Amino acid sequence: MTTIKDSPVQKSFDVNKYKIVEDNQTYTVKINDDEFDVIVKPVTWQLKNELIAKCMKFDQDGNSSFDGGTYIKEVLKAIIIEAPWGKTDNKFLDSINSDLGAALERLVPSAFDTNFNEVDVVKKE
């Protein structure tokens with residue numbers, strides 16, 4: 001892999017390649033014979049980090065645990081802009097069955113996905 005230090009020609013950095021597209025996206029959710037659309041806003045790096053931090057728990061000994069259920073609920077509340085049921089809130093999410101819950105869960109990005117594209121950090125001397 002060529003690093004900036006080794007490269008004969010330094011390319012200019014285009015930050016726009018790494019910005020979240022601001023457009024909301026429409027997803028069609030299918031459950032058994034039912035089908036409906038939901039409009040979802042993209043999850044930014046910052047939002048994901050805030051929600052992960054909110055779902056971390058620490059005990060008095062400094063041990064940590066992650067509440068995945070709370071993470072899924074918080075992400076769904078944050079990203080679903082429009083849906084047939086109206087507002088996506090705790091009351092709604094606590095009232096749905098596992099069929100609808102599992103379908104909506106597919107909209108939630110993994111909390112700890114570390115599958116980054118080619119990221120290389122080189123310390124300059």
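1. Let's start with the surface: the protein exposes about 10,000 Å², and carbon and sulfur atoms supply 48% of it. Accessible areas here come from the Shrake-Rupley method with a 1.4 Å probe, and for residues only the protein chains shown count as cover.

2. A word on what you are looking at: this is a predicted model, where local features need pLDDT of at least 70, side-chain atom pairs count only at pLDDT 80 or more, and totals for chains, interfaces and linings use all residues. Residues are numbered from 1 along each chain as its sequence is written, and side-chain values use heavy atoms, with hydrogens and water left out.

3. Now the overall plan. The protein has 4 helices and 5 strands, where helices (H or I, at least four residues) and strands (E, at least two) are DSSP runs numbered from the N terminus. Along the sequence the pattern reads β-β-α-β-β-α-β-α-α. Of the 125 residues, 22% count as buried (under 20% relative accessible area; exposed is over 50%, partly exposed in between, with a 1.4 Å probe and protein chains only).

4. Next, find the hairpin formed by β1 and β2, with 2 residues between the strands. Strand β1 (residues 25-31) pairs with strand β2 (residues 34-40) in the antiparallel sense over 7 bridges; pairing requires that DSSP finds at least two bridges between two strands. Lys30 has Glu35 in β2 as its bridge partner, and in the turn Asn32 has a positive phi of about 50 degrees.

5. How do helices α1 and α2 cross? The axes of α1 (residues 45-54) and α2 (residues 68-79) come within 9 Å and cross at roughly 145 degrees. Axes are lines fitted to C-alpha atoms, for helices over the stretch in contact, and angles run from 0 to 180 degrees between N-to-C directions.

6. Which residues make this meeting? From α1 come Leu47, Lys48, Leu51, Ile52 and Lys54, and from α2 come Tyr71, Glu74, Val75 and Ala78; contact means heavy atoms within 4.5 Å.

7. Val75 lies in helix α2 and counts as buried because its relative accessibility is 1%. Leaving aside neighbours within four places in sequence, Val75 contacts Val43, Leu51, Val108 and Pro109. Glu74, also placed in helix α2, is buried too, with a relative accessible area of 14%. With neighbours within four places again left aside, Glu74 is in contact with Leu51 and Lys54.
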